[in-house]
Amino acid sequence: MTMDAFQAIADPNRRYLLEELRRQPRTVNELAEGLPISRPAVSQHLKALLESNLVTVTNKGTRRIYTVRTDGFMRLNLWVEQFWS
């Protein structure tokens, strides 16, 4: 099931994760350090961001590295830009 990108960014924890990932790719543990929620909750938020095509994940050994997927923001950009056209 794919989550709508607008629904995904409605959550403040997910927006925080996106802001952190915009700075640099990170693991779940690195991301969880800055949030008052559990590591499993961070994983669930990342799953929603993956399903909405806003982040990607790559495996490096036993680590899963999350990165912003800039092309996933195209739909959001197109929608917002219509208000400035």
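## A buried pair: E20 and R26

E20 and R26 are both buried in this predicted model. The relative accessibility of E20 is 14%. That is under the 20% cut-off, so E20 counts as buried. R26 has a relative accessibility of 16%. R26 therefore also falls under 20% and counts as buried.

The two residues form a salt bridge with each other. Their closest N and O atoms lie 3.3 Å apart. The side chains of R26 and E20 also make a polar contact, again listed at 3.3 Å.

## The network around E20

E20 has another salt-bridge partner, R23. Here the N to O distance is 3.2 Å. Through shared partners, salt bridges join E20, R23 and R26 into one network.

Where do R23 and E20 sit? Both belong to helix α2, which covers residues 12–23. They are three residues apart in that helix, so about one helical turn separates them.

## The surroundings of R26

R26 is placed in the loop between α2 and α3, the latter covering 28–32. Which residues does R26 touch, leaving aside neighbours within four places in sequence? The contacts are E20, L21, L31, R64, I65 and Y66. E20 in this list is the salt-bridge partner already described.

## A link across the chain: R75 and D4

R75 and D4 form a salt bridge through their side chains. The N to O distance is 2.5 Å.

Is D4 buried, partly exposed or exposed? Its relative accessibility is 28%, so D4 counts as partly exposed. The value lies between the 20% and 50% cut-offs.

How many salt bridges are there in the model? The count comes to four. Among them are R75 with D4, R23 with E20 and R26 with E20.

## H45 in helix α4

H45 is part of helix α4, which runs over residues 39–51. Its relative accessibility is 12%. H45 therefore counts as buried, being under 20%.

What does H45 touch, apart from its neighbours within four places in sequence? H45 is in contact with D11, N13, R14, L17 and I37. Of these, N13, R14 and L17 have numbers within the 12–23 range of helix α2.

How values were computed. Residues are numbered from 1 along each chain as its sequence is written. This is a predicted model: local features need pLDDT of at least 70, side-chain atom pairs count only at pLDDT 80 or more; totals for chains, interfaces and linings use all residues. Side-chain values use heavy atoms; hydrogens and water are left out. Buried means under 20% relative accessible area, exposed over 50%, partly exposed in between (1.4 Å probe, protein chains only). Helices (H or I, at least four residues) and strands (E, at least two) are DSSP runs, numbered from the N terminus. Contact means heavy atoms within 4.5 Å. A polar contact is a pair of N or O atoms within 3.5 Å; within protein, one must be able to donate a hydrogen and the other to accept it, and residues adjacent in sequence count only if both atoms are side-chain atoms.
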